[in-house]
Amino acid sequence: MGKGSVLALAREGCELFVSARGEIRLKNACEQIARETGARITPIVADHSTDAGREKILSACPEPDILVGTCAPPPTTGDYRKITPDDWKQTLDISLLSPVQFMQATIDGMVKRKWGRIVNIGTGAAKFPAQIRILSGAPRAALVNYCVAVSKIVAKDNVIINNILPGMHHTATIRERYDALARQNGTTYEEEVDKFVQAWRIPAGRFGDPDDVGAFVAMFCSEFANFTTGQSLVIDGGITNGTF
Ligand SMILES: NC(=O)c1ccc[n+]([C@@H]2O[C@H](COP(=O)([O-])OP(=O)(O)OC[C@H]3O[C@@H](n4cnc5c(N)ncnc54)[C@H](OP(=O)(O)O)[C@@H]3O)[C@@H](O)[C@H]2O)c1
């Protein structure tokens with residue numbers, strides 16, 4: 001979803017600074033998108049869940065106009081009684097404290113320039129809790145709460161903060177997880193995905209693509225979002241839709 005977001009923002013003409021821990025995949029992705037769009041993209045190899053990683057990222061791009069946060073999905077959870085304090089600490093560092101630290105470091109500059117856009121890619125489980133998503137949903141519910149509180153403070157300065165809450169999408173992590181399941185069950189990736197689609201009754205009848213998320217990241221980062229802040233958009237093919 002990070003890559004889908006980079007592609008969508010590159011198509012809109014943004015200059016981008018993109019971080020990940022794995023150098024080869026990061027550089028390949030940045031080069032591919034730069035070739036396709038002509039955008040200037042700087043890859044930064046860093047772990048954004050650590051102070052050192054955040055410093056490296058922020059020193060490469062100290063005054064961004066746009067901040068988009070994502071991470072690898074936290075592990076799925078089985079028996080809630082088996083979640084350890086270390087599991088909590090790790091997921092809180094990556095999926096709550098990291099985006100909070102980035103926001104704290106960049107919002108003042110956005111306020112001064114009277115223009116800023118922040119989008120955090122969380123999870124649908126922040127809004128619709130599920131047993132398998134306890135480590136994923138709870139920290140992002142807290143992140144959304146924080147974002148809404150801060151969005152009210154900086155809205156008058158044209159700093160706009162929104163969240164995207166995805167359902168199931170074909171991304172690198174999902175590919176690895178469902179390939180592993182397929183190997184275990186003697187099936188294929190497509191069959192395992194289809195089992196999930198049936199079990200969770202996804203109305204769209206499929207998983208989403210990263211570009212389905214990227215398009216809305218770009219919209220929330222644009223002038224279209226001038227008067228839309230503190231919102232959380234669920235993109236899940238209709239699984240959790242109610243009337244409002
Ligand atoms: N895919 C889904 O179906 C799904 C469903 C619900 C919610 N979500 C949410 O959507 C977001 C993105 O998920 P995804 O499926 O796109 O994940 P993904 O395929 O694992 O991609 C995550 C990206 O972030 C980088 N990354 C992860 N941890 C990092 C760290 N500590 N420091 C720097 N870079 C890091 C990874 O690169 P490196 O590994 O090289 O660092 C990778 O490029 C997550 O918040 C996830 O919980 C996804």
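Helices (H or I, at least four residues) and strands (E, at least two) are DSSP runs, numbered from the N terminus. This is a predicted model: local features need pLDDT of at least 70, side-chain atom pairs count only at pLDDT 80 or more, and totals for chains, interfaces and linings use all residues. Residues are numbered from 1 along each chain as its sequence is written.

Two packed helices are described by the angle between their axes and the distance between the axes. Axes are lines fitted to C-alpha atoms, for helices over the stretch in contact, and angles run from 0 to 180 degrees between N-to-C directions.

| Helix pair | Angle | Axis distance |
|---|---|---|
| H1 (residues 2-11) and H2 (residues 23-37) | about 25° | 10 Å |
| H1 and H8 (residues 210-220) | about 50° | 7 Å |

Angles under 35 degrees count as roughly parallel, over 145 as roughly antiparallel, 65 to 115 as roughly perpendicular and the rest as oblique. H1 and H2 are therefore roughly parallel. Their contact is made by Lys 3, Val 6, Leu 7, Ala 10 and Arg 11 of H1 and Ala 29, Ile 33 and Thr 37 of H2. Residues in contact have C-beta atoms, placed from the backbone, within 7 Å. Five residues of this contact are nonpolar, one is polar and two are charged.

H1 and H8 are oblique to each other. On the H8 side, the contact residues include Pro 210, Val 213 and Ala 218. This contact has eight nonpolar, three polar and two charged residues.

**Two loop residues**

Lys 114 lies in the loop between helix H4 (85-113) and strand S4 (116-121). Its phi is near 60°, a positive value in a residue other than glycine. Is Lys 114 buried or exposed? Lys 114 counts as exposed because it has 10 C-beta neighbours inside 10 Å. The cut-offs are 20 or more other C-beta atoms within 10 Å for buried, 12 or fewer for exposed, and in between for partly exposed, with C-beta atoms placed from the backbone.

Methods. Contact = placed C-beta atoms within 7 Å. Nonpolar A, V, L, I, M, F, W, Y, C, P; charged D, E, K, R; others polar.
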